Structure formats: C-alpha cells, structure tokens
Amino acid sequence: MNILLELFVVTFRVLWAFVLAAAKWLVRPKEKSVAGQVCLITGAGSGLGRLFALEFARRRALLVLWDINTQSNEETAGMVRHIYREMAEAAAAAAPRGGDGEKDVLPHCNLQVYTYTCDVGKRENVYLTAERVRKEVGEVSVLVNNAGVVSGHHLLECPDELIERTMMVNCHAHFWTTKAFLPKMLEMNHGHIVTVASSLGLFSTAGVEDYCASKFGAVGFHESLSHELKAAEKDGIKTTLVCPYLVDTGMFRGCRIRKEIEPFLPPLKPEYCVKQAMRAILTDQPMICTPRLMYMVTFMKSILPFEAVVCMYRFLGADKCMYPFIAQRKQATNNNEAKNGI
C-alpha cells in the first residue's frame with residue numbers, strides 16, 4: 001500500500017478511536033457476563049482482593065482465591081459462599097415464576113469457591129499452585145493480579161531482603177501467574193488479564209523507591225503484554241490496567257498531602273475503587289485511573305519540565321506525603337522490637 005494512503009488510513013483510525021472513546025463517556029457500554037467462568041484473584045485475603053472476590057461472586061463467577069494468609073483467605077471464601085447462598089435462595093424463590101435466560105445456564109448450586117495458600121513472590125510456589133488449580137478447578141478465564149506489599153522504609157534504611165520482596169510480589173509475580181495461565185487463553189483466544197497497579201506506577205514520590213519501581217514494572221509488563229496480544233491478533237484476550245490513587249485500606253496509613261488540598265483529594269474508599277475497576281473490566285476498558293484527575297497528572301508529568309513537576313509536588317504536599325507513613329512504620333517496628341526484648 002502506498003505510504004501516503006496508509007498514513008491517511010492510520011490517521012482516520014486514530015481519530016475514530018477518539019470518537020469511540022468519547023462515545024463510551026456518553027453511553028455506558030454493556031457489561032459482559034463472567035457467569036460460570038473461573039476467576040483467579042491473588043491477594044484475596046484482604047483489601048481490594050477481598051472486594052474483587054465479592055464483586056465477581058455477585059456476577060456468578062467461580063472463584064479461585066490465592067493468598068499467603070490462609071485464615072484471611074478462608075474468611076473471604078466464607079463471604080463468597082454467603083453471597084452464593086443468598087443468590088441460590090433468591091433463585092429458588094423466583095423459580096415458580098419461570099426461568100431467567102442467562103441464570104439458567106449455570107445453576108447456583110454449581111457455584112463454588114476454591115482457596116489456595118500461595119506466596120506469589122516465589123516462582124516455584126506459583127507454578128505448583130497453578131498446576132493444582134488446573135487439575136482441581138479447570139482453566140482460568142479471568143486472572144486478577146492484585147497481590148501487593150510495601151516495605152515502608154527510606155531507601156538507605158530498607159533491608160535488601162525487603163526490597164527484593166517488594167519487587168517479587170508486586171512485579172515478578174505477574175510474570176509467573178501470566179506464564180502459568182496465558183497458554184490456555186491463547187489456545188482458546190479467550191480470557192482477561194487484570195493488573196492492579198497504582199498511580200505510583202505512573203508517577204512517583206519520595207520515600208517509596210522500591211514500591212514505585214515495582215509498580216512501574218507492573219505497568220510496563222502489562223502494557224508490553226497488551227501489545228504482544230495485539231501483535232498476535234488474539235483479540236479475544238482482554239487486558240485491563242487498574243491504577244488507583246491512594247486507597248484507604250490501611251496499607252499506607254499515615255500518608256498525607258497538604259491539609260488544604262486533602263479535602264479535594266482524599267484517600268479513595270476501597271468499595272468505590274473496586275466498583276470503578278469492575279466496570280472497566282466488564283466493559284473491556286484497557287485502563288482505569290481513579291479518580292480521573294490521575295489521567296491529567298500523568299499527562300502533565302509527561303510534558304512539564306522536571307523542576308515544574310517538583311514545584312507542583314511541593315505545592316500539593318506530595319513531595320513528602322509518604323514521610324508520616326514511614327515514620328509510623330518505623331515507630332511500630334521499634335515498639336515491636338522493644339516488646340520482644342530485642
């Protein structure tokens with residue numbers, strides 16, 4: 001094809017992509033069904049992972065929950081089973097009035113939740129647990145890479161082991177889980193991979209170098225994977241990158257921006273964050289930043305000189321927003337050492 005003609009076609013497609021994106025803002029796309037599909041969530045024992053599990057359960061997915069904490073993971077499973085029971089009772093009560101299309105495809109009694117204790121920071125553990133899932137449950141259709149940790153130390157005070165742990169759990173684990181479950185998705189040309197990253201994977205701040213690096217790595221991995229799937233023309237496999245602002249799960253307790261600004265940009269409620277992410281996942285949205293202001297911050301970081309970005313950070317109080325959090329973690333560590341007589 002003549003290069004000028006091809007350039008014209010590419011320009012038209014780019015403009016059309018803008019039109020489609022604008023249309024989705026005006027007309028809410030229809031959400032796809034995940035009923036009966038196997039959905040695996042890492043870090044399901046608490047925080048966003050637990051909320052994702054409950055949301056997928058309400059949409060009648062078969063849940064596979066991974067967490068390093070067996071007890072908290074089982075607590076999440078108990079909540080999921082409670083939702084399944086409620087849906088089964090509601091379906092039984094509605095049965096005399098006749099069937100309901102999609103809900104008849106998978107009886108409520110077939111909905112199950114499976115729990116596995118897995119340290120996603122250890123490659124062998126991931127592969128062995130993934131093999132158990134394939135044998136005991138089946139192939140995974142929706143993979144939610146959610147597990148995450150934070151060390152809470154300044155770089156020069158952070159033990160090397162904690163830096164490695166942060167990178168393994170927040171970034172490397174995405175490679176291992178994806179390698180475990182992507183082959184079948186490619187074979188079927190069907191699936192969805194969700195990367196729960198952070199706004200700190202798009203722009204950074206002081207004091208959390210290891211966390212930012214791990215989330216930047218997760219974002220880079222996700223974007224490259226998305227391009228690879230497009231290059232392979234596997235359009236049946238969708239990807240969604242989730243980049244929320246600070247979420248009030250306790251993970252960064254003590255983090256504070258400028259007090260005059262904080263009322264306009266408070267920590268996100270976990271329930272709101274997950275509902276927004278679920279909407280993006282079920283409408284095959286490639287990326288979701290919450291709140292939308294994060295899109296603007298990312299754009300400005302890309303075009304402004306570094307010193308201008310520093311000025312903005314200082315005005316917002318974002319340059320040292322992690323320092324109170326780090327101080328709290330250090331104090332808690334010192335108290336534990338004193339308590340244990342160290």
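# Thr 239 and friends

Modeller: Let's begin with Thr 239: leaving aside its neighbours within four places in sequence, Thr 239 is in contact with His 192, Ile 193, His 222, Ser 226, Leu 229, Gln 285 and Pro 286, where contact means heavy atoms within 4.5 Å. Please keep in mind that this is a predicted model: local features need pLDDT of at least 70, side-chain atom pairs count only at pLDDT 80 or more, and totals for chains, interfaces and linings use all residues. Residues are numbered from 1 along each chain as its sequence is written, and side-chain values use heavy atoms, with hydrogens and water left out.

Colleague: Why is Thr 239 called buried?

Modeller: Buried means under 20% relative accessible area, exposed means over 50%, and partly exposed is in between (1.4 Å probe, protein chains only). Thr 239 has a relative accessible area of 13%, so it is buried.

Colleague: What makes the meeting of Thr 239 and Ser 226 a polar contact?

Modeller: A polar contact is a pair of N or O atoms within 3.5 Å; within protein, one must be able to donate a hydrogen and the other to accept it, and residues adjacent in sequence count only if both atoms are side-chain atoms. The side chains of Thr 239 and Ser 226 make such a contact at 2.8 Å.

Colleague: Why do Trp 66 and Phe 181 count as a tilted pair?

Modeller: Rings of Phe, Tyr and Trp (its six-membered ring) pair if their centres lie within 6.5 Å; planes under 30 degrees apart count as stacked, over 60 as edge-to-face and the rest as tilted. This rule gives 6 aromatic pairs. For Trp 66 and Phe 181, the centres are 6.1 Å apart and the planes are 55° apart, so the pair is tilted. Helices (H or I, at least four residues) and strands (E, at least two) are DSSP runs, numbered from the N terminus.

Colleague: How do you know that the charged end of Arg 123 sits over the ring of Trp 176?

Modeller: The test asks for NZ of Lys or CZ of Arg within 6 Å of the ring centre and within 35 degrees of the ring normal. The charged end of Arg 123 is 5.5 Å from the centre of the Trp 176 ring and sits over it. Trp 176 also belongs to an aromatic cluster with Tyr 127, Phe 175 and Phe 221.

Colleague: What makes Glu 55 and Arg 58 a salt bridge?

Modeller: A salt bridge is a side-chain nitrogen of Lys or Arg within 4 Å of a carboxyl oxygen of Asp or Glu. Glu 55 and Arg 58 meet at 3.2 Å, N to O, and Glu 55 also bridges to Arg 59 at 2.8 Å. Together with Lys 275, these residues are linked in a network of salt bridges.

Colleague: Where are Glu 55 and Arg 58 in helix α2, and is Glu 55 buried or exposed?

Modeller: Glu 55 and Arg 58 are 3 residues apart in helix α2, so about one helical turn separates them. Glu 55 is buried because its relative accessible area is 7%, whereas Arg 58 at 45% counts as partly exposed.
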